[in-house]
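Thank you all for making the time this morning.

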Amino acid sequence: MGKTGDGKLGLWPVVAIGIGGMVGGGIFAVLGLAVQMAHGGTPAAFAVAGAVALLTAYSYAKLSVAFPSRGGTVTFLDRAFGPGMFTGSLNVLLWLSYVVMLSLYALAFGSYGATFLPAAWQPLGKHVLITLGVLLLTGLNLLSAEWIGKAESWIVGLKVAILLVFVVAGLATVHATRIEPASWAPSMQLVAGGMIIFLAYEGFELIANTALDVRDVQRLLPRAYYISVGFVIALYVLVSLVTVGNLPVAQIVAAKDYALAEAARPFLGQAGFALIAGAAMLSTASAINATLYGTARLSYSIARDGELPSMLERKVWGQPVEGLLITAALTLVMANGFDLRSISTLGSAGFLLIFAAVNAANLRCADTTGGRRWLSTSGILACLAALAALIVQTAHSAPAKLWVLAAMLGLAVLIEGGYRLAGRTLRLPR
């Protein structure tokens, strides 16, 4: 079921958008980090994170039907809480969280690409590839991202197919002792492992942006949310099961920046390693392109709503260039200057806060959306409990990284507060 006769989208193209948003580059980037945290319990960690995503998908489904638009999360927060400091700060946090996602994709692109280089060149080569990847894809967005957009459904199909090959081939060689409960990390560490890689589920909310293009919003959108999130939960659990079932934890951790490719080596050989590494580069490149495109337009939307400086509203050649260039510059700094754990902690915490707010928006608008209040409340509590587990574990194992998280949250408030103060004082034109 594709586009119908009236040009509207059917169920499966929308499901593909949700799956493509989630299986972008996250699983390639964070799998090794998840194993480092959860050990043999990594499949359970992915399932726990998926349950939080599924609860939040319920709120997105209800809000998307009640307030169909192309604004997605920004629209929902504005409709529920109104324009103001709180909503503005959340919207800026959303933008910063997407910058973190871009950094994660860029880091994964460089890490997997460097595996094709001689060992002595890999440390420098990784940063060269990160920088080149971001710059080239930013240039593509300045010109036209149309050709990648047209190929995106094929790219999604290819990367999902490669992951399914990985799962089918690897299940036969899984060592049961490596995934039994005795090999799992302690429960708090396991949950925290699921939360630090929660950003691997980020992307299903892109379905909200299709609402005006879907043939039967009320019937198809909720089904698209649940099918896409349910499929990705199953895929991630199986991929992580094959990974920890085929490689010792220490070996996965040693190769955590490119763990998925390393995990393919025992049962697919060097050709399998190269196949997964190549798929990771293609997947993360397409994810960088799509996220750059969307994030530049997100900054445009937030500026249009009066929550970022109006210069981000300006378009050159029909593109919001200032937002694109600022986003790309921040991505380069973070991808080259931060490690994988810092980036994952920032991204997961940012999206957990945003998703808690979206669940709260559905609760606040329950009379309009028809949402069950207990499910929205469960979503809020799940996101906040997940965030608490992430913070507690980070405080225990890497307390210095909490300052990075506090800095990101403070920056969101500072940007919004500073802009509003300057807007009132200088009467910036709107």
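Let me begin with a term: a residue is called buried when its relative accessible area is under 20%, exposed when that value is over 50%, and partly exposed in between, using a 1.4 Å probe and protein chains only. Please keep in mind that this is a predicted model, in which local features need a pLDDT of at least 70 and side-chain atom pairs count only at pLDDT 80 or more, whereas totals for chains, interfaces and linings use all residues. Residues are numbered from 1 along each chain as its sequence is written, and side-chain values use heavy atoms, with hydrogens and water left out.

With that term in hand, Cys365 counts as buried because its relative accessibility is 9%, and Cys383 is buried as well, at 1%. As for disulfides, meaning pairs of cysteine sulfur atoms within 2.5 Å, the structure holds 0 of them.

Now to the helices, which are DSSP runs of H or I of at least four residues, numbered from the N terminus. Helix α3, residues 42–66, packs with helix α9, residues 217–246, at an angle of about 170 degrees, and their axes are 9 Å apart; the axes here are lines fitted to C-alpha atoms over the stretch in contact, and the angles run from 0 to 180 degrees between N-to-C directions. So α3 is roughly antiparallel to α9, given that angles over 145 degrees count as roughly antiparallel, under 35 as roughly parallel, 65 to 115 as roughly perpendicular and the rest as oblique. The residues of this contact divide into 22 nonpolar, 5 polar and no charged, where Ala, Val, Leu, Ile, Met, Phe, Trp, Tyr, Cys and Pro count as nonpolar, Asp, Glu, Lys and Arg as charged, and the others, Gly among them, as polar.

Next, the aromatic pairs, of which a search of the whole structure finds 14. Rings of Phe, Tyr and Trp, the last by its six-membered ring, pair if their centres lie within 6.5 Å, and planes under 30 degrees apart count as stacked, over 60 as edge-to-face and the rest as tilted. One of these pairs, Phe28 with Tyr112, is edge-to-face, at 6.2 Å centre to centre and 90 degrees between the planes. It links distant parts of the chain, with Phe28 in helix α2 and Tyr112 in helix α5, 84 residues apart. Phe28 is buried at 1% relative accessibility, and Tyr112 is buried at 0%. Phe81 and Phe86 also form an edge-to-face pair, at 5.4 Å and 85 degrees, although Phe81 is partly exposed, at 26%.

Finally, some single residues. His39, in the loop between α2 and α3, has a positive phi near 55 degrees in a residue other than glycine, and it is partly exposed at 26%. Ser283 lies in helix α11 and is buried at 1%; its C-alpha atom is separated by 8.8 Å from that of Tyr105, 178 residues apart along the chain.

How values were computed:
Helix = DSSP H or I, 4+ residues; strand = E, 2+ residues; numbered from the N terminus.
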